[in-house]
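These are my notebook entries on a two-chain model. I set down what I looked up and what I found.

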Amino acid sequence: MDLIDRYLQAIQFALPKGQPADILRELSEDLHSQIEEKENRLGRKLNEDEIATILKQRGHPIRVAGGYLPRQHLIGPALFPFYRAALKMAALFFLLPWVVVLLCFLIFDREYPAEPMGFNLFRDWAVFLQVTMFGFALITIVFAAFERTQAKLKFLDRWDPRKLPAVVQHRAPSFRSRTLTELFFNVSFIVWWLTIGQYPRTFFGFAAGLFMPAAALGAYYWPILGLALVNLMQQITNAVRPQWTWLRPATLLVTNTIFAVMLSFILKIEPLVVLKEPYSHEARYAEAAPIVNTAVFCILAGVGIGVVIACAVYGYQIVQLLLRRRQGRSGMPAPVQTL
Amino acid sequence: MEHSTNGALFENLRLELRRGSLVLAVLAGLRIEHYGYTLRKTLADQGMTIEESTLYPLLRRLESQGLLTSEWREQDKRNKRFYRLSAEGRLMLKQLLAEWRTINKSLDEIV
């Protein structure tokens with residue numbers, strides 16, 4: 001009977017304090033009745049394995065004790081969708097910018113990762129995690145308080161259908177028309193990129209006669225063209241097969257990630273643009289060069305931030321698609337969720 | 001894969017369907033005094049199996065709602081807790097049975 005005592009002790013440990021003491025007495029009695037009946041049927045004592053089987057059938061002690069817990073939730077089904085939306089908004093408008101800023105430091109600030117033992121990185125990510133936990137905890141507390149208040153005041157019962165907001169018509173562009181638009185802009189970019197050598201004015205404007213890209217940038221010309229061509233392939237494929245909705249975010253996630261890595265190397269090139277001969281020897285132009293370089297650096301850094309955000313968005317879209325596909329396969333209705 | 005998902009869905013819906021019926025079955029079963037083990041056996045013999053981890057918390061809840069009364073008594077040299085319907089429980093059972101019959105009738109007509 002040692003097993004039964006251990007089982008009951010484990011249940012007692014998991015029972016909430018203040019529960020009547022006779023719960024265990026009753027469970028013990030029920031177990032002994034079951035064992036006794038089985039022993040009478042078999043005409044012998046049950047061995048340890050057989051008792052273990054009976055206990056296993058009854059369930060884990062935590063589950064058994066859980067049956068005696070009061071049915072309660074922190075945030076009920078009525079408020080849960082709003083709670084989840086608030087968490088998503090906090091993640092999108094607060095945490096995502098944090099991550100972007102930290103990534104920018106990591107990629108663009110040359111001294112940031114060079115600190116000994118990655119101290120900067122450790123410190124800032126620790127602060128980030130702390131802020132995240134605090135933010136989510138605060139939202140949870142606010143909603144839990146609201147749940148308690150609304151349960152008492154019942155203001156969800158006091159409503160007027162005539163005061164509901166008017167229906168908003170969303171007319172999102174179709175996937176195919178968006179693909180064709182992207183195709184047009186991508187082809188334009190490829191044409192521009194292929195002809196930039198002949199027509200540097202399309203990038204430098206009137207300063208094209210004075211400046212030219214640094215020689216080190218030449219190494220990135222063909223890889224960037226390659227990424228644009230990969231995107232072009234995706235756009236052509238999606239124009240023909242619009243039902244392959246996963247292809248766009250998957251391709252753009254890959255190409256944008258590669259582009260972000262390239263940009264992190266490009267931004268380390270100094271200078272990004274140089275003066276053409278014979279202007280490199282003229283003092284007044286030499287003074288203008290750092291200003292132009294700073295401007296180009298800022299533009300590329302801005303592009304880098306945009307690309308990192310785009311990666312996050314495409315990653316999110318892929319996760320959404322996977323979740324939708326999984327729900328579609330299971331064919332299960334959305335569960336009522338509570339916290 | 002699809003078969004097992006369908007099985008899980010059926011199990012979820014079956015449990016939901018059974019949840020309310022269990023209360024009715026337990027209340028009806030306790031028109032005669034029982035202790036937990038014999039109540040469980042009686043219900044199982046009549047096709048209504050109920051796990052111990054469901055039955056005992058349910059008995060506690062129904063008792064705290066005033067629908068059952070209980071007392072510890074010795075039987076076969078062991079102390080057992082006997083349950084039976086309270087007066088309030090009897091009235092509740094009557095109302096619930098009427099409701100259940102109405103639902104059954106409606107369902108028969110719908111199905």
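Entry 1: Leaving aside its neighbours within four places in sequence, with which residues is L27(B) in contact? I found L67(B), L85(B), G89(B), M92(B), L93(B) and L96(B) on the list.

**Entry 2: ground rules.** I note that this is a predicted model, in which local features need pLDDT of at least 70 and side-chain atom pairs count only at pLDDT 80 or more, while totals for chains, interfaces and linings use all residues. Residues are numbered from 1 along each chain as its sequence is written, and chains are lettered from A and ligands numbered from 1 in the order in which they are written. I checked pLDDT, the predictor's confidence in each residue on a scale from 0 to 100. Chain B averages 90, and 95% of its residues score at least 70. For the complex, the predictor gives an ipTM of 0.79 and a pTM of 0.53.

**Entry 3: the two chains.** I read helices (H or I, at least four residues) and strands (E, at least two) as DSSP runs, numbered from the N terminus. Chain A has 11 helices and two strands, in the sequence pattern α-α-α-α-α-α-α-α-β-α-α-β-α. Chain B has four helices and three strands, and its pattern reads α-β-α-α-β-β-α.

I then looked up burial. A residue is buried if 20 or more other C-beta atoms lie within 10 Å of its own, exposed if 12 or fewer, and partly exposed in between, with C-beta atoms placed from the backbone. Of the 339 residues of chain A, 12% are buried; of the 111 residues of chain B, 20% are. Among contacts in chain A with a separation of 6 or more, 75% join residues 24 or more positions apart. In chain B, 44% of the contacts between residues at least 6 apart join residues at least 24 apart.

**Entry 4: the sheet of chain B.** I found an open sheet of three strands in chain B, ordered β1-β3-β2, with antiparallel pairing. Its edge strands are β1 and β2 of chain B, each pairing on one side only. Strands count as paired if DSSP finds at least two bridges between them. Strand β1 (residues 34-35) of chain B pairs with β3 (residues 78-85) of chain B over two bridges, and H34(B) stands opposite Y83(B). Strand β2 (residues 68-75) of chain B pairs with β3(B) over eight bridges. Within that pairing, S70(B) has Y83(B) as its bridge partner, and E71(B) has F82(B).

Entry 5: Two residues lie between β2(B) and β3(B) in their hairpin. D76(B), in the loop between these strands, has a phi near 50°, a positive value in a residue other than glycine. D76(B) is exposed because 7 other C-beta atoms lie within 10 Å. K77(B) is in the loop between β2 and β3 of chain B as well, with a positive phi near 65°. K77(B) counts as exposed because it has 5 C-beta neighbours inside 10 Å.

**Entry 6: between the chains.** How many residues of chain A are in contact with chain B? I recorded 17 residues of chain A in contact with 14 residues of chain B. On the side of chain A that touches chain B, the elements giving two or more residues are α2 (22-42) and α4 (61-66) of chain A. The helix α2(A) gives the most, with eight residues. This side divides into four nonpolar, seven polar and six charged residues. I count Ala, Val, Leu, Ile, Met, Phe, Trp, Tyr, Cys and Pro as nonpolar, Asp, Glu, Lys and Arg as charged, and the others, Gly among them, as polar.

**Entry 7: the nonpolar core.** I define a nonpolar core as a set of buried Ala, Val, Leu, Ile, Met, Phe, Trp, Tyr and Cys residues joined through C-beta atoms within 7 Å. The largest has 22 residues, of which I11(A), L27(B), L30(B) and L68(B) touch the most other members. Among the elements giving two or more residues to this core are α1 (2-14) of chain A and α1 (2-29) of chain B.

**Entry 8: a cis bond.** The peptide bond from E270(A) to P271(A) is cis, with omega near -10°. P271(A) is placed in the loop between α10 (247-266) and β2 (273-275) of chain A.

Terms used:
Contact = placed C-beta atoms within 7 Å.
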